[in-house]
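Subject: Structure handover

Hi,

Here is the structure I promised to pass on to you. Have a look at it first, and then read on for what turned up.

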Amino acid sequence: MALAEEIGRIPEVLVAERVEHVRYAIRDIAVVAEQLSREGKRIIPLNIGDPLNFDFQTPAHLVEAVEKAIRDGKNGYAPSLGLDEALEAIRTDAERKGIRNIQTVFVTYGVSEAADICLTALVNRGENVLVPRPDYPIYSAILAKLEAEVNFYRLDENRDWEPDLEDLENKVNEKTRALVVISPNNPTGSVYSRKTLEALIDLARRRHLLIITDEIYEKLILDGDPHYPVASLAPDLPVVTLNGLSKAYLAPGWRVGWVVVSGPAQATQSYVENLKKLVRARLSANFPMQYAIRPALEGPQDHLKEVIAKLRARRDLTMSWAGATPGVRCVRPRGAFYAFPRFEIASNDEEFAKQLLLEKHVLIVHGSGFGMTKGTSYFRLVFLPQEPLLLEAYRKLGDFLRKAL
Ligand SMILES: Cc1ncc(COP(=O)(O)O)c(C=O)c1O
């Protein structure tokens, strides 16, 4: 039989239905941009929160720590929970921030894997988890994989994108297992007040929800707002705190994150056992990179001053542009490096982002990629680029927007 004929008879590989609901617009739209780049077009990427794409560098003492680890032959598997000195540094750092009742600490392959493990150990099929909308889509993607439900609660644009507590209260049902909190927030740049965090804690306490708090941007606060680790405000509750080296320590490619589980021992015992089982089942996180954790948490923090100064200037530039551009409304971001403006356009948000990319070669992500309803016209801008590049992107975006109004 001819090969072509035989190939024609091979049935298509059947795929898992659960992937149908997995979406990750931040990278999905980049596929079109990659094609344009291959055609020689210069794209301005305001889509991915990777500081290393611009004028930010991993602090030298962290690079040296990893290089030394590699040279010293630390290239085998790590202990499943993580390198002892890293675990100790994470625990000490958490205690310094007022987190008590720590039940376990482990290192993961970024906050992304941390979220995956923490949700996998928790939810059964058909249960749901409260996730803020607009969302950081990794949570929805993981829940889709687990055949669990995303239960979106509203962030309120009119209150600086803080959670709408009434909406949140109404969303809890008998299948709700956890509350995801992200502050400073991606994609809105908001930093929640202590009062808001206490209200979220109060809800979790009354409705018996596990709090999963993603604090990856805790050190990237632009206007001096205080950061309150959620777990430090709720020592009586089971709280999972996620953090890592990707953002404030400028090493997203190292894929280093960690988890701190705190709360009463009796309430967290089975959950911690489940987590440890999953952590063992995936062998270990990256080994040499874990040698950067202690120097990151305990060494010089000088780079942060420069990072925050750059981000503040670029945020201010973003706000000046938004204020001066007809058809743009934008809440002032106070943390992280994202703005989430609304454009007064008639077209569909995804189509707008695609056409902007094709015509002006500026890559931004449409709000429906962050769970916003189709037909609304929000977009996420990453304001990491140097000022000249950012200005060029905003000029092009402004030109394109003028035509779309
Ligand atoms: C809120 C939030 N959590 C987690 C991550 C991913 O972190 P990691 O690189 O550690 O997987 C990001 C990355 O953009 C994020 O914005």
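Let's start at a spot between two strands: Gly244 has Gly257 in E9 as its bridge partner. Before going further, please keep in mind that this is a predicted model.

That pair belongs to E8 and E9, which are joined by 6 bridges and pair in the antiparallel sense. On E7, E8 has a parallel partner, with 4 bridges between the two. If you want a place to look there, Ile212 stands opposite Val240 in E8.

How covered is E8 (239-244)? Mostly: 6 of its 6 residues are buried. Val239, Thr241 and Asn243 point one way, while Val240, Leu242 and Gly244 point the other way. In a regular strand, side chains do alternate between the two faces of the sheet.

Now zoom out to the sheet. It is open and has 8 strands, in the order E2-E9-E8-E7-E6-E3-E4-E5, with mixed pairing. Which strands sit at the edges? They are E2 (102-108) and E5 (162-163), each of which pairs on one side only. Further along the order, E3 (residues 128-133) and E6 (residues 176-182) run parallel and are joined by 3 bridges. There, Val129 has Ala178 in E6 as its bridge partner.

H11 (residues 265-281) lies across E2, E7, E8 and E9 (257-262), and it runs at about 20 degrees to E2.

There is also a helix pair to look at. The axes of H6 (residues 110-120) and H7 (residues 138-145) come within 10 Å and cross at roughly 40 degrees. That angle is why H6 counts as oblique to H7. The crossing of H6 past H7 is right-handed. On the H6 side, the contact involves Val111, Ser112, Ala115, Asp116 and Leu119, and these meet Ile138, Tyr139, Ile142, Leu143 and Lys145 in H7. Sorted by class, this contact of H6 with H7 has 7 nonpolar, 1 polar and 2 charged residues.

Finally, some backbone details in the loops. In general, most peptide bonds are trans and most residues other than glycine have a negative phi.

- The bond from Arg133 to Pro134 is cis, with omega near 5 degrees; Pro134 is in the loop between E3 and H7.
- The bond from Ser183 to Pro184 is also cis, with omega near -10 degrees; Pro184 is in the loop between E6 and H9.
- Glu147 is not a glycine, yet its phi is positive, near 55 degrees. You'll find Glu147 in the loop between H7 and E4 (149-156).
- Trp161 is not a glycine either, and its phi is positive at about 60 degrees. Trp161 is in the loop between E4 and E5.

Are those last two residues buried or exposed? Glu147 is partly exposed, with a relative accessible area of 32%. Trp161 has a relative accessible area of 2%, under the 20% cut-off, so Trp161 is buried.

Cheers

Note on methods: Residues numbered from 1 in each chain as written. Predicted model: local features only at pLDDT ≥ 70, side-chain atom pairs only at ≥ 80, totals over all residues. Heavy atoms only, no water. Axes fitted to C-alpha atoms, helices over the stretch in contact; angles between N-to-C directions. Parallel < 35°, antiparallel > 145°, perpendicular 65-115°, else oblique. Left-handed = near helix turned anticlockwise from the far one by under 90°. Contact = heavy atoms within 4.5 Å. Nonpolar A, V, L, I, M, F, W, Y, C, P; charged D, E, K, R; others polar. Pairing = 2+ DSSP bridges. Buried < 20%, exposed > 50% of the residue type's maximum accessible area, 1.4 Å probe, protein only.
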